[in-house]
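Work through the exercises below with the sequence and the model side by side. Try each task before reading its solution.

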Amino acid sequence: MKLGFRNGNAIENRTRDIIIGEIIVALAGLFMLINPELALTVVIYLMGICLIVIGAFRVISYFRNDIRGGIVTMSLAVGLALITGGILLLVFPLIPTYAMFMILGGILIGGGFTKIQMAYDVKRLGDERWWILLIASCASLIMGILALFNPFGVAVTLTMVLGCFLIVESAIDIYCALSFKKKVRDLFKDV
């Protein structure tokens, strides 16, 4: 008795949806690779718009709801703070990028100094391969200095790397979706 493959359309639709989604992700990755500065700016603008929208909803909910709810949730204050943060992101879009990578730079520098001490501690304890830890420590220190003094350059580079990862991930996902579709078809071919 031949049962047939009743869910063939579902697999076709699922595969099509995955491929369309992954093509969009790959195009976003390509955009990040080709124009990382603009990609960073677009993300920051989108974050600013989201903060403004969420803040506006909080302010509106403060005035629309019972006073007791507004007092407890601080909806008005939180909403106004979110709107202010969103406006600041729209007016000064590079500040979060600089701040984030300067903080990252400081963390990497601190970690580099810590690892340098660990390398010399290991040397003092007689380990002959202490220099490997010293090289890794210096790499952390150099990356931290780069992030501290050139935060936008580091952000652009990381954006490009992320773009490459998105393109590769999309290609893998498309391959997996097509392979899955073929295997499911083969499974139900003789049923």
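**Exercise 1. Decide whether A119 is buried or exposed, and find which residues it touches.**

At 0% relative accessibility, A119 counts as buried (under 20% relative accessible area, with over 50% called exposed and the range in between partly exposed, using a 1.4 Å probe and protein chains only). The residue is found in helix α5, where helices are DSSP runs of H or I with at least four residues, numbered from the N terminus. Not counting residues up to four places away in sequence, A119 touches W130, L133 and L134, a contact being heavy atoms within 4.5 Å. By contrast, A119 and G79 lie 40 residues apart in sequence and 49 Å apart in space, taken from C-alpha to C-alpha.

Before going on, note that this is a predicted model, in which local features need pLDDT of at least 70 and side-chain atom pairs count only at pLDDT 80 or more, while totals for chains, interfaces and linings use all residues. Residues are numbered from 1 along each chain as its sequence is written, and side-chain values use heavy atoms, with hydrogens and water left out.

**Exercise 2. Describe how helix α5 runs relative to helix α6.**

The axes of α5 (residues 95–124) and α6 (residues 130–149) come within 7 Å and cross at roughly 165°; axes are lines fitted to C-alpha atoms over the stretch in contact, and angles run from 0 to 180 degrees between N-to-C directions. That makes α5 roughly antiparallel to α6, since angles over 145 degrees count as such, those under 35 as roughly parallel, 65 to 115 as roughly perpendicular and the rest as oblique. The residues of this contact divide into 18 nonpolar, 6 polar and 2 charged, where Ala, Val, Leu, Ile, Met, Phe, Trp, Tyr, Cys and Pro count as nonpolar, Asp, Glu, Lys and Arg as charged, and the others, Gly among them, as polar.

Notes. Helix = DSSP H or I, 4+ residues; strand = E, 2+ residues; numbered from the N terminus.
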